[in-house]
Amino acid sequence: MPRGGVGWGGTCGLAKNRNAVEIALLNFSTNQRGKSIGTSDATKKTAGIGPRRHRSSMAIRAQKNRPRTRDTASKVGMISKCSTGTRLVEDPRFLFFLRRWMPSSIDWQRIRDAVEIDPSLAYLNTGTSGLVTKTVHAQAQERRSRLHRNPTETVWRADWEELWQSRQRLASHIGTTPDRLIFFQNISHAINTFCLSVQLPPGSEILMTDHEYGAMRRAWERAAARRKWTLKTVSLPVGANEPQRYADAILEGCTSKTRLLYVSHVLYTTGLVLPLAEICRAARERNVLTFVDGAHAPGMLPLQLNELGAHFYTANLHKWFMAPVGAAFAFVEQAQAIHWEPWQVSWAYGEESTHPNERDAFGSTPWIRQFEMEGTRDTTPWFTLHRCCDFLESIGYAEIQARHHELSTHVRDALAEVSSLQLVTPNHSALRGGLTAFEIPSRINGEALRRRLWTNHRIEINWIELDGHQYMRISTHVYNTHEEIQRLASAMRAELAG
């Protein structure tokens with residue numbers, strides 16, 4: 001399980017004052033039962049902010065009979081115990097509640113200073129490719145220097161122990177075990193591998209939404225044509241704030257012929273975070289395999305893959321996880337390994353093993369190695385993953401999610417006066433993360449607008465076109481600032497004036 005955030009400003013921002021957190025949990029729990037109590041002066045005083053005033057009887061009772069943190073949390077399901085202390089997880093509503101009166105102690109400028117970034121530009125495009133920390137950058141450079149000095153040693157003899165440690169570290173971070181993770185260079189490679197090897201009979205129905213990544217839809221179209229499958233697309237509501245509406249739209253598309261559900265965790269178009277656990281659970285009840293495109297999730301959302309319920313989960317690590325380009329993974333439930341076969345055969349393919357899922361001498365397992373052993377290539381990004389985990393965990397996912405919500409709210413506010421833009425990312429805190437998207441009317445050339453933002457203002461965002469709709473997508477990660485968002489808002493007003 002990912003550890004709590006420590007080290008950026010001295011303590012975990014949300015757990016800085018244990019008593020204050022517990023009072024907030026009690027207040028939040030009361031609010032959720034429909035008894036809105038607001039943010040009392042007593043709560044503020046307990047948190048160490050605001051003027052000293054007479055405390056309410058509720059706050060006095062809460063302090064006198066203060067329950068243990070773990071017991072309090074068990075009632076509202078938002079705290080888990082970690083090796084470095086108590087960490088808030090899972091419920092962004094609580095983060096908003098807590099942030100109203102207890103600002104984060106994280107020094108976000110120190111976070112930004114730890115990242116390889118060009119200060120002359122506003123980089124708001126992590127959704128395409130994220131930035132890396134200076135320590136990851138230095139490690140990648142050092143390993144590539146060794147590779148170039150002696151490729152034989154680096155590729156064929158060294159680093160097997162380090163590769164296994166990297167696999168273990170990532171597995172711990174995303175809630176699974178190392179024997180279930182195949183490393184790939186990108187998610188497209190992983191999905192194509194699955195499309196070409198999954199064992200489904202002719203006539204099978206593959207269900208997906210109308211917001212899946214276009215390149216991967218092409219991969220499924222090719223596989224379906226070869227194997228005589230049917231692709232069925234369901235339409236998702238846009239901008240709805242009820243999680244159940246998205247789950248219902250997908251699950252109502254399942255029929256007796258549906259054999260596999262292919263769905264994104266975070267939509268690349270609108271930034272919607274789907275209620276994935278419920279969807280996976282319902283699909284299992286229908287005996288439907290679930291394959292998740294999690295390209296944007298690691299580094300944005302806390303993951304527990306063994307508990308999520310997906311049979312297969314793939315993701316890029318060069319986006320929000322902040323690894324160098326060339327790192328991705330596929331999680332494969334052991335009982336469903338029959339559906340995976342490498343598309344590129346090399347020396348590891350077909351080797352007999354009585355223990356295919358046990359660690360071997362090459363930093364993998366016999367089953368995994370047939371996918372990863374493709375001959376001579378640069379796998380440097382795979383060896384940096386432990387440093388990426390360290391960086392993200394030093395902040396903590398509670399703080400990461402709260403920062404994403406804070407910045408994305410600022411994006412909404414800053415661009416609210418640009419009449420040409422229509423927000424399509426939901427407002428519901430559980431349905432959004434670090435991606436904020438606006439639909440652009442057809443009278444505006446979105447691609448040209450993006451080019452002008454870069455050429456004239458040195459601002460990087462993304463423009464997406466799908467089924468006649470244009471979306472401007474803004475990514476705000478932990479290294480972004482309010483000033484960059486204001487810079488974008490000013491540029492948008494200037495470019496769309498008149």
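Helix H18 passes helix H19 in a right-handed crossing (the near helix is turned clockwise from the far one by less than a right angle). This is a predicted model, in which local features need pLDDT of at least 70 and side-chain atom pairs count only at pLDDT 80 or more, while totals for chains, interfaces and linings use all residues. Residues are numbered from 1 along each chain as its sequence is written, and side-chain values use heavy atoms, with hydrogens and water left out.

H18 (residues 446-457) and H19 (residues 482-496) pack at about 115 degrees, their axes 11 Å apart. Helices here are DSSP runs of H or I with at least four residues, strands are runs of E with at least two, and both are numbered from the N terminus. Axes are lines fitted to C-alpha atoms, for helices over the stretch in contact, with angles running from 0 to 180 degrees between N-to-C directions. On the H18 side, Leu449, Arg452, Leu453, Asn456 and His457 meet a set of H19 residues that includes Leu488, Ala491 and Met492; contact means heavy atoms within 4.5 Å.

Then there's the open four-stranded sheet, ordered S11-S12-S15-S14 with antiparallel pairing (two strands pair if DSSP finds at least two bridges between them). S11 (422-423) and S14 (462-466) are the edge strands, each pairing on one side only. S12 (residues 435-440) and S15 (residues 469-475) run antiparallel and are joined by six bridges, and Phe438 sits opposite Met472 in S15. Helix H17 (residues 397-415) packs on this sheet, touching S11, S12 and S15, and its direction makes about 25 degrees with that of S12.
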